[in-house]
Amino acid sequence: MFRNYFKIAWRNLWKNKAFSAINIIGLASGLAVCLLIVLYVVDELSYDKYNKNADRIYRLDADIYFNNTSAIFAVAPDPLAPTLKRDFPEIEEAVRLNYQSDILVKKDNQNVQDHNAVFADSTFFKVFTVPMIQGNPETALKDPNSIVIDETTAKKYFNSTNVIGKTLVVDNTNYCKISGVIKDIPKQSHFHFHFIREKTNNVNDSWLSNNTYNYVLVRPGVTQQKLQKDVDATINNYLGKELEAQLHTSLKDLTNKGSHFIYHAMPLTDIHLYSNKSYEIEANSDITYVYIFSVIAVFILLIACVNFMNLSTARSANRAKEVGIRKVAGSLRSNLITQFLTESVLLSFFSLILAIGIAALLLPLFNQLAEKQMSVATLFSTWLFPVMIGLVFVVGCVAGSYPAFYLSAFQPIDVLKGKIAKGFKNSWLRSGLVVFQFTISIILIIGTIVIYNQLDYIRSRKIGYNRDQVFVLHNAWYLDKQIHTFRNELLNIPGITNATISGDMPTSPQFDNEGWFRDAAMDPTKAVVLTNFYVDENYIPTLGMQMKEGRNFSKDFPTDSVGVILNESAIKVLGFKDPLKEVLYRPDFGNSTISGSVAYHVVGVVKDFNFSSMHQNVGPLIINKGENWGNIAVRINTKNIPSVINSIQTKWISMTSGQPFNYTFMDADFNNIYTSEQQTGKLFITFAVFAIFIGCLGLFGLVTYAAEQRTKEIGVRKVLGASVGGIVAMLSKDFAKLVLIASVIAFPVAWWAMHQWLQSFAYRVSISWWIFIVAGVLAIIIALLTVSLQAMKAALANPVKSLRTE
């Protein structure tokens, strides 16, 4: 019996090739996009779960609010984690990390610039699950001169992983013995270290400095709330004592005056999606994007399923006479139900097979867009594939339910007389489904336009400095005492107009935040936390910043060594009315203790410029004149940039004895800050195109069905003199009305969704009225073009043939 059902189902599908193809391609496209998004979401949710004890590991983050200035960091005081382990038995293990983004490694007597190094406590391998290929994790970081490298690094420098005991020369002077080789840290991790060194020489006992990543592993059964209580008690005790000793105030007094020093225990598995604090080891994602893409996946799948059901129910009306004849011939209703359901489920499973193929073909491109390393194999190794099979089965059953239960219930005499062939116009269900499809498509169109506008705004907004054609030479400290000579010689190269020496670039994260005071007695109630830049007198003119008041630093003023420049935000926080007459104070540290204060006079006010992400407002900044040799920023004014770079490299090699020449351009560094948003924009556009494509496939099928149902009517109208344009308009107007209704529904929903997304940016575009007009008109044009193709075909048909059809 079932064999017969399948044979008839196959014949019917083959007989109606166009409808079958549209149905299969439409559902397969929706399923393929859904599969890709599901892979993306699963990948995002799996970060750091490779750790055996991932559910018991926490990072300790700083949340400081001090005299109207706020700072939220992914780092904390260096002593915090080991103190917790010492004082509280529920802490099983603790580890601290000091990240070193760049590291110099000697290979074949040449220095190579490498990345992602870290100084870690010897307990690193007790907290994190990082399998070791060679070496003993218990002793690998016991020796201060030991170093652990990952598999890729071992092969890069030694062409082998059997390198235990070999020496690696790092940062010119450190001869480190390789004590272990680990497997490459999985892609789904919030850090990826290639070099791990012992932390002994990087210890800072101050509770007032936040410069270390602190992680703790709690014992089984210890809750986040219990850990937070332990952290709070530790901060109140040790930080409170240091505040009293150094600043002669208590933590309680500061708290009563509105300040707070909170250190949050953040679950390890939450870091990637819920933490976008200052000084993250790597850029994290955002749970918002997971929600957005999950909703898009559901919407696209719904569009595809609606198409499938719409076309299935539309086509089923043409089989009314078949149902009548089969019932007259003795078929039972149960046989008809089984037949229709079999056809529908078979069609949906064909779609699933095609969807997996489409997903496999598109996955490399999708990986490139999302910067992932996902594999289709994931679908077959998890719960996803059984769920997808179940979903396809349900879709097939629901789509086939109309002909199976509705048509099979009619009396044969009514069916054979054609009483149930009411045509397209009378189907409010199909009209509702078309409205639903285009509502989602219009929402995605509006979302795409808003995201594009926001990204364009970020690229084009005046950010307070000119980042175009600024060449940034990194690791300038290799020049040592020759750095000023090097900078002066650069100015002799044609095309270079200026250059500045500073480690503080507005496109790189800043670690230096410090408390400044408004009185010599350093009253904590008159203190503010400011971001510190250390620059030379060429910094502001080279980067094209604008002074609002006062002057820039100058060699003509020796007192500028104790002078500072404030930005406009700092002036507001400090409440200065006449800033050029003001003096700020900072602690004078002698023998690691405060021995008084040093006065700094304000020499100028620079206009605000963005030195952090546009997700945040410009913070209070203080610019000091001082030596900071991290980078040299060079202003270039020529079209022949490669020639200028070659000239800079030649001088670099001659003055650094072959140290690595590592550079970027400031505009590229700026764009890298918004990589996540750029990826989101590209993915959003891709998904919007798919949604519109699937919706148009369904619309094409429905107008084909509508024209088929009204073949005789079209023939009569043509005989009576109706024009081709009139017939096309007649077939199109119903669909145009549906798209207009969809627009009215989509506009407020899209506005609300994109308004919520834009709230994460401190600097954002407004959602203009024209965006909705463009989206609505675009949707109508797409719909009418789709409808007109088939409507024209029907209108141009020979009316004689049309009238013979019945």
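This is a predicted model: local features need pLDDT of at least 70, side-chain atom pairs count only at pLDDT 80 or more; totals for chains, interfaces and linings use all residues.
A nonpolar surface patch of about 720 Å² is made by Trp-769, Trp-770, Ile-773, Val-774, Val-777, Ile-781 and Leu-785. Patches are made of residues with over 30% relative accessible area and no salt bridge, with like charges joined within 9 Å and nonpolar side chains (Val, Leu, Ile, Met, Phe, Trp, Tyr) within 5 Å. Accessible areas come from the Shrake-Rupley method with a 1.4 Å probe, and for residues only the protein chains shown count as cover.

Residues are numbered from 1 along each chain as its sequence is written, and side-chain values use heavy atoms, with hydrogens and water left out.

**The chain as a whole**

- The protein chain has 25 helices and 22 strands; helices (H or I, at least four residues) and strands (E, at least two) are DSSP runs, numbered from the N terminus.
- Of its 806 residues, 53% count as buried.
- The chain exposes about 35700 Å², and carbon and sulfur atoms supply 57% of that area.
- Take the contacts (heavy atoms within 4.5 Å) between residues at least 6 apart in sequence: 79% of them join residues at least 24 apart.

**Nonpolar cores**

- In soluble globular proteins, nonpolar side chains tend to be buried together.
- A nonpolar core is a set of buried Ala, Val, Leu, Ile, Met, Phe, Trp, Tyr and Cys residues joined through side-chain atoms within 4.5 Å.
- The largest core holds 115 residues, and Tyr-40, Phe-609, Ile-623 and Phe-687 touch the most other members.
- Helix H2 (residues 17-45) gives this core its largest share, 16 residues.
- Apart from that core lies another, of 63 residues, including Ile-57, Leu-60, Ala-94 and Ile-235.

- Leaving aside neighbours within four places in sequence, Tyr-40 is in contact with Ser-285, Tyr-289, Phe-293, Phe-366, Ala-370, Lys-372, Met-374 and Leu-683.
- Ile-24 belongs to helix H2 and counts as buried at 17% relative accessibility.
- Not counting residues up to four places away in sequence, Ile-24 touches Leu-347, Phe-350, Ser-351 and Leu-354.
- Ile-24 and Leu-354 are 330 residues apart in sequence, yet 8.1 Å apart in space, C-alpha to C-alpha.

**Salt bridges**

- Side chains of opposite charge can pair when their charged atoms come close.
- A search of the whole structure finds 23 salt bridges, each a side-chain nitrogen of Lys or Arg within 4 Å of a carboxyl oxygen of Asp or Glu.
- Asp-43 and Lys-372 form one of them, at 2.8 Å from N to O.
- That pair links distant parts of the chain, 329 residues apart: Asp-43 is in helix H2, and Lys-372 is in the loop between helix H11 (333-370) and helix H12 (377-381).
- Asp-43 is buried at 6%, and Lys-372 is buried at 10% relative accessibility.
- Arg-56 and Glu-92 meet in another salt bridge, at 3.0 Å from N to O.
- Arg-56 lies in the loop between H2 and strand E1 (57-66) and Glu-92 in strand E3 (residues 91-107), so this pair ties together parts 36 residues apart in sequence.
- Arg-56 is buried at 14%, whereas Glu-92 is partly exposed at 28%.

**One face of helix H3**

- In helix H3 (residues 80-87), Leu-80, Ala-81, Thr-83 and Leu-84 are buried.
- Seen down the helix axis, the buried residues of H3 fall within an arc of 165°, so they line one face of the helix; the arc is that of the directions from the helix axis to the C-beta atoms.
- These buried residues pack against E1, E3, strand E10 (213-218), helix H6 (224-247) and strand E11 (260-267).

**A buried loop residue**

- Asn-662 is in the loop between helix H19 (641-656) and strand E22 (663-665), and Asn-662 is buried at 19% relative accessible area.
- Beyond neighbours within four places in sequence, Asn-662 is in contact with Gln-113, His-115, Val-472, Leu-473, His-474 and Asn-475.

Conventions:
Buried means under 20% relative accessible area, exposed over 50%, partly exposed in between (1.4 Å probe, protein chains only).
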